[in-house]
Amino acid sequence: YIAVRNLNHSNHHTSLSMSDLAVLRTAKLAMAEGLLTQDDFDQIKLAFLRAQQIKAGLDAGFIREEDYVQARDSFLHSLDFSTSVSNNGPAPPPRTSTPPLQQGAGPPKSASGGMQRATMPASPKFAPPQPSPAPAQATGCSTPAGATRHTGGGWGSGTVEMPPDLPKLGKVNAAAGKRSMSGIGLSEQCVNIYNHIKTRKAYGWVTYKIDDTGNEVVVDQLGACGSSFDQFVAALPENECRYAIYDFAYNNADTNKTQNKLVFLHWAPSGSTVKSKMMYASTKDLIKGFMDGVSTELQADTYDELSENEMCEKVHASLTRK
């Protein structure tokens with residue numbers, strides 16, 4: 001009732017209320033997609049209701065304008081709190097940058113010492129190709145001229161730098177002026193890189209991130225052709241959200257040939273902030289709208305959920321439905 005009442009007031013106050021409601025709707029969307037817990041959403045909703053109650057006092061002349069602004073800012077600031085692990089569990093670790101990996105190391109390991117990944121067996125007729133003794137580039141996969149490949153161990157292993165003069169593929173300015181429901185845009189470079197992966201097999205994978213200003217999705221890291229799946233997983237930060245496209249190769253036993261399918265990954269680790277999860281959840285449909293040809297979508301919030309067998313099963317399931 002208070003929220004509706006506030007929307008009927010002056011233009012200045014209406015814009016504030018609509019902004020608050022938009023954030024609350026985004027939080028509800030993130031919870032619906034499993035990115036926020038009920039406790040996280042209740043915390044945001046409580047801050048929202050408190051701000052609206054103070055707004056009602058402002059309209060009635062009981063409090064000052066600056067008091068209302070302070071309450072509203074407190075609500076928006078609450079979105080930067082980390083999510084809780086469980087109702088009674090310990091608080092998550094503070095957000096930190098992922099440390100460099102040692103040579104030969106995979107993604108961050110569990111407390112027991114190894115990376116406890118899913119071990120679900122793949123379908124006998126549909127399995128990831130067996131790795132060869134020495135890494136080799138996949139057939140038809142050629143890194144563009146001017147790209148520098150990183151082959152040493154550690155963070156960034158198996159990645160390439162962005163070529164300064166990458167040819168433009170597809171429609172010019174395809175993403176110009178397009179915004180997600182949270183007001184975030186998409187750089188043309190993101191679309192161009194995807195087109196190079198899709199049509200020219202120029203890269204093995206790419207990760208995307210929302211830039212530091214929170215205004216645009218940009219390219220984060222590029223995977224070289226022939227880079228391993230472990231190197232792809234290692235490029236996903238432990239406490240930060242990402243989008244990714246992975247050119248997944250699998251052996252089809254019916255045709256005895258290696259085939260490729262493009263997989264879209266929404267990476268939302270439990271250690272990332274509520275605000276980050278909301279921004280990525282509300283922008284996912286925008287970026288996917290420019291990625292025609294993606295076969296499968298995978299969402300993960302722990303490294304345990306990422307394995308070649310798991311991705312293979314997802315691709316297989318998508319083909320079975322068609």
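This is a predicted model: local features need pLDDT of at least 70, side-chain atom pairs count only at pLDDT 80 or more; totals for chains, interfaces and linings use all residues.

Analyst: Residues are numbered from 1 along each chain as its sequence is written, and side-chain values use heavy atoms, with hydrogens and water left out.

User: In which helix is the place of Met 278?
Analyst: Helices are DSSP runs of H or I with at least four residues, strands are runs of E with at least two, and both are numbered from the N terminus. By that numbering, the place of Met 278 is in residues 274–288, which form helix α7.

User: Is Met 278 buried or exposed?
Analyst: Buried means under 20% relative accessible area, exposed means over 50%, and partly exposed lies in between, with a 1.4 Å probe and protein chains only. Because its relative accessible area is 4%, Met 278 is buried.

User: What distance separates the C-alpha atoms of Met 278 and Ala 30?
Analyst: Along the chain, Met 278 and Ala 30 are 248 residues apart.

User: How many disulfides does a search of the whole structure find?
Analyst: A disulfide is a pair of cysteine sulfur atoms within 2.5 Å. Cys 241 counts as buried at 1% relative accessibility, and Cys 312 counts as buried at 0%. For disulfides, the search of the whole structure gives a count of zero.

User: How is the pair of rings of Phe 229 and Tyr 246 classed?
Analyst: Rings of Phe, Tyr and Trp (its six-membered ring) pair if their centres lie within 6.5 Å, and planes under 30 degrees apart count as stacked, over 60 as edge-to-face and the rest as tilted. The whole structure holds nine aromatic pairs. In the pair of Phe 229 and Tyr 246, the centres are 5.3 Å apart and the planes stand at 85°, so the class is edge-to-face.

User: Which class describes the rings of Phe 232 and Tyr 246?
Analyst: Tyr 246 is buried, with a relative accessible area of 9%. The ring centres of Phe 232 and Tyr 246 are 4.7 Å apart and their planes lie at 45°, so this pair is tilted.

User: How many residues apart in sequence are the parts that Phe 232 and Tyr 246 tie together?
Analyst: Phe 232 counts as buried at 0% relative accessibility. Because Phe 232 lies in helix α6 and Tyr 246 in strand β6, the parts tied together by their pair have a separation in sequence of 14 residues.
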